Amino acid sequence: MRVLLIGANGYLGRFVADRLLADPAVQLTALGRGDDADVRFDLASGSPGALTRFLDAVHPGVVINCAGATRGGARELTRHNTVAVATVCEALRRSGCGARLVQIGCGAEYGPSQPGSSTAEDAVPRPGGPYGVSKLAATELVLGSGLDAVVLRVFSPAGPGTPAGSPLGRLAEAMRRAMQSGDGELKLTGLGAQRDFVDVRDVARAVHAASLSAAQGVINIGSGRAVRLRDAAAVLARVAGYGGALHELDGPPGPLRPSIGHPRDGSDHAVHAGHAAPVAYPYPDGCGNWQQADVRTARDRLGWRPRINLEESLGDIWMEAACRI
């Protein structure tokens, strides 16, 4: 099976590539903006015609799109998450390869949900920020394209390679700094948010399964269980062997309250005791305080279940952070 993987150098794409390369039945070609891609192509600026010519030459049976942006302004997010997908869809429509499309969506497309609820694929999407809007627009393009296509709505990926600017990545970095400086307490805020964490290697398994299946439409990929960030912090402290106290600073955010969820702005803000950093919502994804996926469709249509628990994912996040001590 010939597979064209777009975005193989990204956080999810690297693990998808590893999973596909382990399958001897897959012949993989990577397309992306980096020098190490088999073919260099920028979806956000490249034309559908150019991509069509490449599809006709390679003639893949499956195209997997892991490319996209998670940060930036509305214009940048739209260019990388929506316009890029429009290019892929149009190129596939023009091409004679007849490839199946596996598009990586995200849980942020749903927006805020009721605490205690599980969000199923038939929920009405109400994204609460530009990232979710740009990804939802991409999903609608795929679903309306007439292609053989499936969209995997991935909730909160975790595990090795977790970006340092993500809430779990910043939590690990805060703990690393506290241990390195000998701080006996770690002061944090924004730990009340609850998210459905799914290990990135389980996501890669889901993408592999989707590429082999005939499933179409939208399929949620998550653990099916919401975890409060303060509980994740406690697990991470145990995994890291951090014996200090974790102090959560409650109350409304102020301009100098430390936070582990503030997006990176190019500076290196300290977030442990004794240092202040600007505050944003714990998860700047527009999803409020609760998100939990209903993953029954993935079980029924892909034969997929998550295998890796959050403690193992956090252990791998910590191992990478500890290497910087």
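Contact here means heavy atoms within 4.5 Å. By that criterion, in this predicted model, Ile221 touches Leu152, Arg153, Val154, Phe155, Val198, Val203, Ala206, Val295, Ala298, Leu302 and Trp304, with residues up to four places away in sequence left out of the count. Ile221 also belongs, together with Ile64 and Leu152, to the three residues that touch the most other members of the largest nonpolar core, which comprises 33 residues. Apart from that core lies another one of 29 residues, among them Leu51, Tyr110, Leu147 and Val218. In soluble globular proteins, nonpolar side chains tend to be buried together.

Helix α9 runs over residues 310–322, and its 13 residues reach 18 Å from the first C-alpha to the last, close to the 18 Å expected at 1.5 Å a residue. At the start of α9, a side-chain oxygen of Asn309 comes to within 3.2 Å of the backbone nitrogen of Glu311. The buried residues of this helix are Leu310, Ser313, Leu314, Gly315, Ile317, Trp318 and Ala321, and their cover includes the elements tabulated below.

| Element covering buried residues of α9 | Residues |
|---|---|
| β7 | 156–158 |
| α5 | 167–181 |
| β9 | 194–199 |
| α6 | 200–212 |
| β11 | 226–228 |
| α7 | 229–240 |

Gly303 is placed in the loop between α8 (296–302) and α9. Because its relative accessibility is 59%, Gly303 counts as exposed, the cut-off for that class being over 50%. Although Gly303 and Ser213 are 90 residues apart in sequence, their C-alpha atoms are 9.5 Å apart in space.

Definitions and conventions: Residues are numbered from 1 along each chain as its sequence is written. This is a predicted model: local features need pLDDT of at least 70, side-chain atom pairs count only at pLDDT 80 or more; totals for chains, interfaces and linings use all residues. Side-chain values use heavy atoms; hydrogens and water are left out. A nonpolar core is a set of buried Ala, Val, Leu, Ile, Met, Phe, Trp, Tyr and Cys residues joined through side-chain atoms within 4.5 Å. Buried means under 20% relative accessible area, exposed over 50%, partly exposed in between (1.4 Å probe, protein chains only). Helices (H or I, at least four residues) and strands (E, at least two) are DSSP runs, numbered from the N terminus. The expected span of a helix is 1.5 Å times one less than its number of residues. A polar contact is a pair of N or O atoms within 3.5 Å; within protein, one must be able to donate a hydrogen and the other to accept it, and residues adjacent in sequence count only if both atoms are side-chain atoms.
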